[in-house]
Amino acid sequence: KGIGLTGFLGGLISSTALTMSFSKDSKENKTIINPYVFAVVVACTAMYFRVILEVFVLNRGMVTTVLRPMLSMAAVGAISAVVLWLWKDKNGTKNLKTYSVKSPLRLSPALKFGLLFAVVLLISKLGHVYFGQSGVYVVCLISGLVDMDAITVSMAKLGGGDTMSYSTAVTSITLASIFNTVFKGGVFVLFGSRKVALRLGVVFVLMMIAGGVSLLFV
């Protein structure tokens with residue numbers, strides 16, 4: 001239960017940072033599966049609501065447009081979280097008493113996240129300089145790797161203005177969130193437990209399908 005609560009609170013700040021931290025923990029505690037899957041899914045779901053809140057604060061005229069894709073992916077996440085909560089993992093339950101929670105303030109995960117964040121921001125800036133408005137989707141895909149806030153804030157400020165329509169801005173945010181989901185899945189494949197990565201992959205694919213289909217109505 002504590003891991004799930006951490007997932008929700010982490011999703012309100014950075015679901016990507018939480019994913020990187022939990023991926024390493026899951027590899028060290030291979031008998032625990034569903035709690036980690038649940039935590040990451042909850043964190044991703046919280047992220048979609050965070051995006052809606054940021055758009056609401058910065059550009060209320062764009063809220064109705066961004067609601068459809070964000071709520072579609074959030075709905076998949078919420079339903080999956082309920083299923084995972086009800087799914088009793090016997091092996092994991094037997095080992096929960098021996099699970100040791102590490103400090104969330106460890107330096108190593110923070111440094112790795114900071115390095116990736118810096119690299120992505122640099123690539124995003126170069127993409128914007130060299131490709132301009134035509135490269136906005138590419139920049140969003142790259143930036144969405146580790147940070148949704150920067151893209152959301154930027155698109156919320158530009159959406160509905162002289163240079164960008166609501167549709168383009170919301171599509172950019174949605175594509176960034178889909179690519180961010182791909183990245184988080186990749187993190188678990190590379191650094192986490194394979195069983196956790198497999199179950200996460202199923203949920204993530206459903207989330208991405210929901211987001212992709214929703215773009216047809218933006």
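**Figure 1. The largest nonpolar core of this predicted model has 48 residues.** Val41, Met70, Met155, Ile173, Leu200 and Met207 are the residues with the most contacts inside this core. Seven helices each supply at least two of the core's residues: α2 (15-28), α3, α4, α7 (136-143), α8 (149-158), α9 and α10. If you're wondering who gives the most, look at α3, with 14 residues.

**Figure 2. Here's a close-up of valine 41 and the residues it touches.** Leaving aside residues up to four places away in sequence, Val41 touches Gly77, Ser80, Ala81 and Leu84, and also Leu200, Val203 and Met207. Gly77, Ser80, Ala81 and Leu84 are among the buried residues of α4. Leu200 and Met207 turn up again among the residues with the most contacts inside the largest nonpolar core, and so does Val41 itself.

**Figure 3. A second core sits separately and has five residues.** Among them are Met20, Leu145, Val146 and Phe183.

**Figure 4. Helix α4 covers residues 63-86 and has a kink in it.** The kink is about 25° and is centred on proline 69. What span should the 24 residues of α4 have at 1.5 Å a residue? They should span 34 Å, and the end C-alpha atoms are 33 Å apart, which agrees.

**Figure 5. Now for the buried residues of α4 and what they pack against.** An α-helix has 3.6 residues a turn, so residues three or four places apart point the same way. Which helices do the buried residues of α4 pack against? They pack against α3 (34-58), α9 (166-191) and α10 (194-214).

Figure 6. As for disulfides, the structure holds zero.

**Figure 7. Zooming back out, the protein has ten helices and zero strands.** Of its 218 residues, 47% count as buried. Take the contacts between residues at least 6 apart in sequence: 79% of them join residues at least 24 apart. The accessible surface comes to about 11200 Å², and 72% of that belongs to carbon and sulfur atoms.

Key:
Residues are numbered from 1 along each chain as its sequence is written. This is a predicted model: local features need pLDDT of at least 70, side-chain atom pairs count only at pLDDT 80 or more; totals for chains, interfaces and linings use all residues. Side-chain values use heavy atoms; hydrogens and water are left out. A disulfide is a pair of cysteine sulfur atoms within 2.5 Å. Helices (H or I, at least four residues) and strands (E, at least two) are DSSP runs, numbered from the N terminus. The expected span of a helix is 1.5 Å times one less than its number of residues. The bend at a residue is the angle between axes fitted to the seven residues ending there and the seven starting there. Buried means under 20% relative accessible area, exposed over 50%, partly exposed in between (1.4 Å probe, protein chains only). Contact means heavy atoms within 4.5 Å. A nonpolar core is a set of buried Ala, Val, Leu, Ile, Met, Phe, Trp, Tyr and Cys residues joined through side-chain atoms within 4.5 Å. Accessible areas come from the Shrake-Rupley method with a 1.4 Å probe; for residues, only the protein chains shown count as cover.
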